[in-house]
Amino acid sequence: MKLLIGNRNYSTWSLRPWLVLRHFDIAFEDEVLQLSGPHWRERLRERSPTGKVPVLLDGDLVLPETIAIIEYLADLFPEKPIWPADRVDRARARGAAAEMHGGFSALRGHAPMNLRASHPGRIDLDTVSADLHRVETLWGELLGKSGGPYLFGAFSAADAMFAPLATRLRTYDLPVSDTTARYVEAIYSLPAFQEWLAMALQEPWIVDDDEIDVIQGRVQPGTLA
Ligand SMILES: N[C@@H](CCC(=O)N[C@@H](CS)C(=O)NCC(=O)O)C(=O)O
């Protein structure tokens, strides 16, 4: 089984299924397809039917779309607690994952994942406050019920879905409750996340579209080193 992923520093969607594969100890290889450089979109389209990553390759199966990949893994390995065991918790976890997939567009647009960066104070809080409020409410409810440290107690696919958002809170030092700060710490403490982060920090590539200084017009595209 192989997972095609984007740059580890920036690719939020790649991080999610990678964490599931790694945390649940599923044998796989990965291959980075860069999201920058000459003709990167054409090269991506040659490997991915949607022109996007991640893509899971398993035998004849070429499967894009993060949630489909996670569900395929959960089907393939029913003995692994990729989703919570309790049916109602599982429904809540899938609801949270779907909300993450379709929502939080302000946080996604204004505060891109950039694991190597630290940009406190750069985000206009008015632009992200509604998303911040919603995610803190959701996490607070789930963590209150489960007792943590992850949304449903043990790490599950729901946490994998929210891991990139957790990194944004840290990168941009967004103001959050103690409960949220503890959850962000729990994501950073996960061995699989640490492994991804260490590899992300080694990457030399810059993706201008995900750099806050370029997005906010402070720096010209192509000039960051
Ligand atoms: N709906 C897709 C989104 C995948 C996605 O947008 N991936 C980004 C990288 S994080 C990408 O491939 N971007 C390339 C592009 O938009 O051309 C999923 O759930 O996997």
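Colleague: In what order do the four strands of the open sheet stand?

Modeller: The order across the open sheet is S2-S1-S3-S4, and the pairing among these four strands is mixed. Strand S2 (29-32) and strand S4 (61-64) are at the edges with a single partner strand each, so one side of each has no neighbour in the sheet. On average, neighbouring strands are turned by 20° against each other, with direction ignored.

Colleague: What counts as a strand, a helix or a pair here?

Modeller: Strands (E, at least two residues) and helices (H or I, at least four) are DSSP runs numbered from the N terminus, and two strands pair if DSSP finds at least two bridges between them. Please keep in mind that this is a predicted model, in which local features need pLDDT of at least 70 and side-chain atom pairs count only at pLDDT 80 or more, while totals for chains, interfaces and linings use all residues. Residues are numbered from 1 along each chain as its sequence is written.

Colleague: OK, and S1 with S2: parallel or antiparallel?

Modeller: Strand S1 (residues 2-5) and S2 run parallel and are joined by four bridges, with Ile-5 standing opposite Val-32 in S2.

Colleague: How many bridges join S1 to S3, then?

Modeller: Three bridges join S1 to S3, and these two strands run antiparallel; Leu-3 has Leu-56 in S3 as its bridge partner.

Colleague: Where is a positive phi found in a residue other than glycine?

Modeller: Asp-25 has a phi near 60°, which is positive although the residue is not a glycine, and Asp-25 sits in the loop between H1 and S2.

Colleague: Which strands does helix H1 lie across?

Modeller: Helix H1 (residues 12-23) lies across S1, S2 and strand S3 (55-58), and runs at about 155° to S1. Axes for such angles are lines fitted to C-alpha atoms, for helices over the stretch in contact, and the angles run from 0 to 180 degrees between N-to-C directions. Contact between two residues requires that their C-beta atoms, placed from the backbone, lie within 7 Å.

Colleague: Switching to the ligand, how many residues surround it?

Modeller: The ligand is surrounded by 13 residues, of which the closest are Ser-11, Trp-13, Lys-52, Val-53 and Thr-66; a residue is near a molecule or strand if its C-beta atom, placed from the backbone, lies within 6 Å of it. H1 gives the most to this shell, with three residues. By class, the shell has four nonpolar, six polar and three charged residues, where Ala, Val, Leu, Ile, Met, Phe, Trp, Tyr, Cys and Pro count as nonpolar, Asp, Glu, Lys and Arg as charged, and the others, Gly among them, as polar.

Colleague: What are the domains?

Modeller: The domain assignment of the protein chain gives domain 1 (2-80) and domain 2 (87-195), with bounds that come from an automatic or database domain assignment. Their centres, taken over C-alpha atoms, are separated by 21 Å, and 11 residues of domain 1 are in contact with 17 residues of domain 2.

Colleague: Which helices supply the side of domain 1 that touches domain 2?

Modeller: H1 and helix H3 (66-76) each supply at least two residues of that side, and its largest share, seven residues, comes from H1. By class, this side of domain 1 has six nonpolar, three polar and two charged residues.

Colleague: Last one: how many helices does the protein chain have?

Modeller: The protein chain has 10 helices, together with four strands, and its C-alpha trace spans about 50 × 45 × 25 Å along its principal axes.
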